[in-house]
Amino acid sequence: MKRILRAEIDEMEKRFRANFINALSGYKSANLVGTRSADGQANLSIVSSVIHLGSNPPLLGMVMRPPSVTRHSYENILETKEFSLNHIASPFFQQAHQTSARYDREESEFEATGLTERAVENWRAPAVDEAPIRLGMRLVEDMPIPHNGTRFIIAEIAWVEMEEDFLSQDGFVDLEAANVVTISGLDRYLKPTSLGRLNYAKTDAPTSFLSKK
Ligand SMILES: Cc1cc2nc3c(=O)[nH]c(=O)nc-3n(C[C@H](O)[C@H](O)[C@H](O)COP(=O)(O)O)c2cc1C
């Protein structure tokens, strides 16, 4: 058993520490953020920090790295107040990863990676045609996190697009059927396997299966 203390973390080589700390929060959601600048340039970038904030109103949060260097997605979101979130599925996870490369502002990651821009009616930001689940997001709040200079973006869900088959009778969305991947650390992609759905936990009854799938 190895015990690693904070002082050792601070001494770690930069890349090693990034790999190490990025793995510790557990498996993460895998999304592509689609934006369009005010002058029309499309941008696509992978993020693993999208989290659920609340269902009424339907809110998601997302951490954006410090805007000290140019951050195209972040700037476009501030400029236009909207973006798309596109779930990454196994057939295109390598292309999705490639969007993290530092392309110039004039370069579209759609063109660079071969992913397909999907226009959405009455919506400025491009979505990803290959994504099995797509969300339209409206900016609610851009919160500074003073401790490390990152930003916490809070956004409201404006629309959702997916195959009807992925949506269960009770509202559950079957990410496994949609081949959605998850991310471990900074660079490992996995396909999770369901262990089943459980019933709402109650103090007077043992845990039971809602479905074995
Ligand atoms: C697996 C993975 C997850 C990432 N997650 C985030 C994230 O949650 N927030 C973020 O700001 N950048 C994240 N990045 C880095 C961005 O994808 C990268 O900085 C990208 O170049 C930003 O592009 P832009 O300048 O066009 O917005 C991640 C990169 C990888 C490979």
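User: Is asparagine 122 buried or exposed?
Analyst: This is a predicted model, in which local features need pLDDT of at least 70 and side-chain atom pairs count only at pLDDT 80 or more, while totals for chains, interfaces and linings use all residues. Residues are numbered from 1 along each chain as its sequence is written. A residue is buried if 20 or more other C-beta atoms (placed from the backbone) lie within 10 Å of its own, exposed if 12 or fewer do, and partly exposed in between. Asparagine 122 has 7 other C-beta atoms within 10 Å, so the residue is exposed.

User: In which loop does asparagine 122 lie?
Analyst: Helices (H or I, at least four residues) and strands (E, at least two) are DSSP runs, numbered from the N terminus. Asparagine 122 has a positive phi of about 55° although it is not a glycine. Its place is the loop between strand 7 (117-118) and strand 8.

User: What is the phi of lysine 81?
Analyst: Lysine 81 sits in the loop between helix 3 and strand 6. It counts as partly exposed because it has 15 C-beta neighbours inside 10 Å. Although lysine 81 is not a glycine, its phi is positive, at about 65°.

User: What separation do the C-alpha atoms of glycine 40 and arginine 124 have?
Analyst: Glycine 40 is in the loop between strand 2 and strand 3. With 7 C-beta neighbours inside 10 Å, glycine 40 therefore counts as exposed. Arginine 124 is 84 residues apart from it along the chain, and the separation of the two C-alpha atoms is 8.8 Å.

User: What is the omega of the peptide bond that joins asparagine 56 and proline 57?
Analyst: Proline 57 belongs to the loop between strand 4 (51-55) and strand 5. The bond joining asparagine 56 to proline 57 is cis, with an omega of about 5°.

User: Which residues touch the most other members of the largest nonpolar core?
Analyst: A nonpolar core is a set of buried Ala, Val, Leu, Ile, Met, Phe, Trp, Tyr and Cys residues joined through C-beta atoms within 7 Å. Elements that give two or more residues to this core include strand 2 (31-36), strand 3 (42-47), helix 3 (72-80) and strand 9 (133-145). Of the 32 residues in the core, those touching the most other members are Leu32 and Ile88.

User: Which residues does leucine 32 touch, not counting those up to four places away in sequence?
Analyst: Two residues are in contact if their C-beta atoms, placed from the backbone, lie within 7 Å. With residues up to four places away in sequence left out, leucine 32 touches Leu44, Ser45, Ile46, Asn86, Ile88, Ala96, Thr99, Val128 and Ala131.

User: Which element gives the largest share of the shell around the ligand?
Analyst: A residue is near a molecule or strand if its C-beta atom, placed from the backbone, lies within 6 Å of it. The ligand is surrounded by 17 residues, and the closest are Val47, Ser49, His72, Ser73 and Ser100. Strand 3, strand 5 and helix 3 are the elements that give two or more residues to this shell. The largest share, four residues, comes from strand 3.

User: How many polar residues does the shell around the ligand have?
Analyst: Ala, Val, Leu, Ile, Met, Phe, Trp, Tyr, Cys and Pro count as nonpolar, Asp, Glu, Lys and Arg as charged, and the others, Gly among them, as polar. By class, the shell has six nonpolar residues and three charged ones, and its polar residues number eight.

User: How many bridges join strand 9 to strand 10?
Analyst: Two strands pair if DSSP finds at least two bridges between them. Strand 9 and strand 10 form a hairpin with four residues between them, and glycine 149 in the turn has a positive phi of about 80°. Leucine 139 has alanine 155 in strand 10 as its bridge partner. The two strands run antiparallel, and the number of bridges joining them is 12.

User: Which residue in strand 9 stands opposite glutamate 82?
Analyst: Strand 6 and strand 9 run antiparallel and are joined by five bridges. In strand 9, the residue opposite glutamate 82 is arginine 138.

User: What radius of gyration does the chain have?
Analyst: The radius of gyration is taken over C-alpha atoms, and the globule rule is 2.2 Å times the number of residues to the power 0.38. The C-alpha trace spans about 55 × 50 × 30 Å along its principal axes. For 213 residues a compact globule would have a value near 17 Å, which agrees with the chain's 19 Å.
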